[in-house]
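I opened the model to look up its sheets, its helix packing and a few single residues. My entries follow in the order of looking.

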Amino acid sequence: MAQDSMLTKDLLVTPKTVAANDAYVARWLEDTKRRIAEGELPWLVNNYCPLEIFQAMDIPYIELDGPSAYYFVGELQDEHAAERKETMRKQLASIGRCGQCRPVNMPDLDCLPEFAGLVIRQFECIGNNRLLQKLCEINKKPLFFLERASTMPFYPKYPNWWKKHEDNWDEVMNRRELEHYVSQHKDLIRFLEVHTGKEFRMSRLEEVNDWVNEMCHWERKIRDLIARSHPTPVGIMDSVNVYSTHQHQGEPGVAEVLEIYYNEIKERVEAGLGLCPNERLRLYWCKGAWYTNMSYYRAFEEKYGAVFTASWYMNLGADAYPRTNSGDPLGAMVAHKLFQGNYEGPEWDFLNAKFAGCQGAVMHKRQMAGLLCFNTAELGTMRETYKEYFDQHGIPMLLIDPDESLEKQYADTERFIQQLLERNKE
């Protein structure tokens with residue numbers, strides 16, 4: 001049973017959005033390559049870093065664990081590519097690494113261009129942090145570590161956060177924790193000013209925050225439209241495709257891609273077009289997508305009429321990310337980043353599943369299979385609490401084991417769907 005990468009597009013049903021998203025990425029690629037050619041090297045960052053600060057200061061960046069890294073893999077095969085790769089290979093060999101922490105299908109560091117420096121939100125894995133620290137020392141590049149935002153407790157730290165976060169983030173977040181994290185970001189701003197010669201302006205960050213909020217408001221409209229429409233107009237794959245816009249949050253033009261997505265969904269709804277003409281069952285996918293096997297989400301439509309209607313991917317942008325500036329743009333942005341590292345609790349996911357009319361939910365037992373370095377909260381214990389909550393409140397959840405074979409995971413899903421369909425007959 002073949003697996004598909006996250007870039008598979010043959011099962012998407014929103015061609016206008018695909019074209020708009022691809023065009024946006026192409027413009028970003030050309031601009032970044034132009035800046036590299038002019039001597040302005042990109043900074044490497046990782047997930048949950050404050051991209052808004054880079055946007056506000058007009059500093060080019062590439063996110064190591066996101067689609068932007070993918071895009072560069074095929075774009076850097078110039079006459080110096082082999083030399084760069086060999087140099088990086090020797091450096092990695094001299095440092096040593098366990099080899100267990102590279103996510104499947106993610107590009108290795110040797111595929112990336114020469115970089116100006118690194119800004120990293122610390123990994124759970126000490127080995128990864130050490131690897132990047134040594135790479136910067138060898139290459140004489142500046143490095144800034146941001147503290148991980150959370151210990152991910154097994155309970156929702158901010159109950160009913162989705163009702164209050166956008167406008168009252170300063171009341172919801174722990175004040176001492178927020179002030180501590182703001183201080184770190186002020187240090188980062190000074191660090192970037194020193195190493196880039198560029199000036200940070202708070203008014204510019206306020207503008208960037210407004211663009212992020214515009215993007216999130218479109219995602220809210222998209223989430224609501226999909227949830228209220230019957231049959232399900234678009235799939236999880238379509239939403240994951242445009243979720244890559246979060247790699248560019250705060251840039252002008254991102255909201256336009258999401259507006260095109262919304263209008264294309266609306267056209268499908270008005271024309272009565274759905275993913276599956278004989279939709280019989282709606283499913284919710286919980287947590288991060290199965291990026292290496294995206295066709296899974298459409299594998300049960302023809303035989304069972306089972307459609308994956310909703311997931312994290314528009315819900316997070318709709319509820320968790322927007323923040324009004326409230327006279328404190330830096331505090332608003334940091335409140336967003338601080339929350340991203342926190343455990344949002346099963347009630348929020350459950351309510352989104354219920355809102356979309358889902359009769360069952362599916363989640364991997366662990367985020368990543370077969371790794372020696374892991375975050376226990378992400379990998380198992382927290383997910384069992386989700387299953388318990390969903391089951392107790394009327395939406396059965398299946399936990400599929402990513403360490404099992406694909407055949408076993410598909411077979412488990414089929415049995416679960418059959419049980420749900422039988423339940424609906426009662």
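This is a predicted model: local features need pLDDT of at least 70, side-chain atom pairs count only at pLDDT 80 or more; totals for chains, interfaces and linings use all residues.

Which strands does α12 lie across, and at about what angle does α12 run to β6? I found α12 across β5 (281–285) and β6, running at about 25° to β6. Axes here are lines fitted to C-alpha atoms, for helices over the stretch in contact, and angles run from 0 to 180 degrees between N-to-C directions. Helices (H or I, at least four residues) and strands (E, at least two) are DSSP runs, numbered from the N terminus.

Residues are numbered from 1 along each chain as its sequence is written, and side-chain values use heavy atoms, with hydrogens and water left out.

**Whole chain**

I counted 16 helices and 8 strands in the chain. Of its 426 residues, 56% count as buried; buried means under 20% relative accessible area, exposed over 50%, and partly exposed in between (1.4 Å probe, protein chains only). Among contacts with a separation of 6 or more, 81% come from residues 24 or more positions apart. Contact means heavy atoms within 4.5 Å.

**Sheet with β5 and β6**

I read the strand order of this open sheet of 4 strands as β6-β5-β7-β8, with parallel pairing. Two strands pair if DSSP finds at least two bridges between them. The edges are β6 (306–311) and β8 (397–400); each has a single partner strand, so one side of each is left without a neighbour in the sheet. From one strand to the next, the twist averages 30°. Strand β7 (residues 360–364) and β8 run parallel and are joined by 4 bridges. I looked up M363 and found L399 as its bridge partner in β8.

**α8 against α12**

Helix α8 (residues 202–228) packs on helix α12 (residues 312–319) at about 130°, with the axes 7 Å apart. The two are therefore oblique to each other; angles under 35 degrees count as roughly parallel, over 145 as roughly antiparallel, 65 to 115 as roughly perpendicular and the rest as oblique. From α8 I listed C216, E219, R220, I222 and R223, and from α12 M314, N315, G317, A318 and D319, as the residues that make the contact. By class, this contact has 4 nonpolar, 2 polar and 4 charged residues. Ala, Val, Leu, Ile, Met, Phe, Trp, Tyr, Cys and Pro count as nonpolar, Asp, Glu, Lys and Arg as charged, and the others, Gly among them, as polar.

**Sheet with β1 to β4**

The order in this open sheet of 4 strands is β2-β1-β3-β4, with parallel pairing. Here β2 (61–63) and β4 (143–146) stand at the edges, each with a single partner strand, so one side of each lacks a neighbour in the sheet. On average, neighbouring strands are turned by 15° against each other, direction ignored. Strand β1 (residues 43–45) pairs with strand β3 (residues 118–121) in the parallel sense over 2 bridges, and L44 has L118 as its bridge partner in β3. Helix α7 (residues 175–196) packs on the sheet, touching β1, β3 and β4, and its direction makes about 170° with that of β4.

Between β3 and β4 I found 4 bridges, again in the parallel sense. The bridge partner of I120 in β4 is F145.

**α7 against α13**

The axes of α7 and helix α13 (residues 329–340) come within 9 Å and cross at roughly 110°, and the pair is therefore roughly perpendicular. By class, their contact has 9 nonpolar, 2 polar and 3 charged residues.

**Single residues**

I checked H336, which is found in α13. At 2% relative accessibility, H336 counts as buried. Leaving out residues up to four places away in sequence, H336 touches E52, Q249, A320, Y321 and R323.

I417 is found in helix α16 (residues 406–425). I417 is buried, at a relative accessible area of 0%. With the same exclusion of residues up to four places away in sequence, I417 touches L281, L283, F300, Y304 and A306.
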